[in-house]
Amino acid sequence: MSFSLLRNTAHLSSLPFPIRFISFTAMPKARKNPLLLNPGSEDDGGVPKNRVRKRRVEMIAKEVKTESPDKKFLRHPEIEDFANKSDNVYSQSIQPPANWERVIEGIRSMRLSEHAPVDSIDPDEGVTSLQPKERRFAVLVGSLLSSQTKGHVTHEANQRLLENGLLSADTMDKAHEATIKSLIYPVGFYTRKAQHLKQVAKICVSKYDGDIPSTVDELLLLPGVGPKIAHLVMIMAWNQVEGICVDTHVHRVSNRLGWVSRPGTKQATRSPEETRVSLQQWLPKEEWVSINLLLVGFGQTICTPLRPRCAKCTISKFCPSAFKEISSPASTSKTRRAKKEL
DNA sequence: ATCCAGTAGA
DNA sequence: TCTACCGGAT
């Protein structure tokens with residue numbers, strides 16, 4: 001599941017540069033996610049992280065329960081078009097990397113001249129006819145199916161669910177897991193995803209009246225939904241930009257460009273979550289949505305995980321990692337072990 | 001034969 | 001932190 005976000009470049013040229021202090025006032029209250037920020041930094045008394053996470057999940061669940069139910073559905077695309085851009089100027093706590101605007105423009109031109117697999121995905125195809133509630137559920141399902149799966153495979157799986165009337169929380173909840181499994185085959189990890197879909201549908205029915213959760217925290221409580229999907233769904237289903245959708249491409253490219261680092265260091269971030277937080281500290285919010293498709297396509301075609309095509313890359317002069325990654329990938333613990341056993 | 005990709009679970 | 005998950009790409 002992805003979306004056409006390459007356009008919308010006009011604002012770039014009008015941005016103040018370098019970014020200066022900008023008031024907090026217009027900024028929507030930043031949503032702290034207790035599941036993801038500083039895990040284990042306090043009061044976990046040596047408890048393993050998964051335990052900490054579970055405890056926090058319970059905490060949030062309690063809060064969610066007590067929240068008034070009608071409040072949840074106030075955020076709706078028709079009401080709250082996410083183009084309230086004037087409010088979106090983000091206050092920078094960290095100096096943006098040098099030349100980031102030129103880098104983005106350079107990547108954008110490369111993206112326009114070379115087709116990337118991600119560009120052939122039209123997420124709305126076939127679901128635009130649905131009612132808002134069903135459309136949102138379809139977006140959630142599509143997002144769950146899409147990870148580790150080619151766009152057209154995801155799309156066909158979604159179509160089969162649609163044809164069989166399973167693209168609603170209610171019907172999905174009643175369907176057999178085996179049915180779901182056979183319909184979504186051959187998307188990646190279909191067995192797991194079938195389990196997750198059924199559990200998700202049940203939760204949507206029992207807790208959200210057949211709709212989907214409308215906050216990142218609540219989305220994260222759904223099985224199979226992690227940070228990447230939660231932020232994607234917030235954007236696609238609710239038109240709300242709560243954070244950057246960071247997948248492996250955004251993670252890798254951001255680090256190669258030197259755009260992100262572990263807090264207070266120059267070391268590369270170690271997880272997409274760390275990358276998301278680091279990137280959000282300086283990247284203007286206007287770019288939060290478009291950066292995903294931009295870097296995913298770039299990562300698929302040029303800044304590839306293995307043997308990046310630095311010679312073809314027009315912004316290599318700005319890239320601290322250009323031509324530095326050599327043929328053989330760093331040996332993993334697995335390969336080391338394999339070699340040992342030989 | 002190994003890598004890839006987002007999440008869960010240990 | 002590390003591995004399993006599934007099948008396609010490299």
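Predicted model: local features only at pLDDT ≥ 70, side-chain atom pairs only at ≥ 80, totals over all residues.
Modeller: Residues are numbered from 1 along each chain as its sequence is written, and chains are lettered from A. Local features need pLDDT of at least 70, and side-chain atom pairs count only at pLDDT 80 or more, while totals for chains, interfaces and linings use all residues.

Colleague: Into which domains is chain A divided?

Modeller: Domain bounds come from an automatic or database domain assignment. Here they give domain 1 (78-114 + 244-318) and domain 2 (132-238). Their centres, taken over C-alpha atoms, are 27 Å apart.

Colleague: Which residues touch the most other members of the largest nonpolar core?

Modeller: In soluble globular proteins, nonpolar side chains tend to be buried together. A nonpolar core is a set of buried Ala, Val, Leu, Ile, Met, Phe, Trp, Tyr and Cys residues joined through C-beta atoms within 7 Å. A residue is buried if 20 or more other C-beta atoms, placed from the backbone, lie within 10 Å of its own. In this core of 66 residues, they are Val141 and Val233.

Colleague: Why does the core lie between the domains?

Modeller: Domain 1 and domain 2 both give residues to this core, so it lies between them.

Colleague: How many residues of helix 13 are buried?

Modeller: Helices are DSSP runs (H or I, at least four residues), numbered from the N terminus. In helix 13, nine of the twelve residues are buried, so the helix is largely enclosed by the rest of the structure. Among them are Ile291, Asn292 and Phe298.

How values were computed. Helix = DSSP H or I, 4+ residues; strand = E, 2+ residues; numbered from the N terminus.
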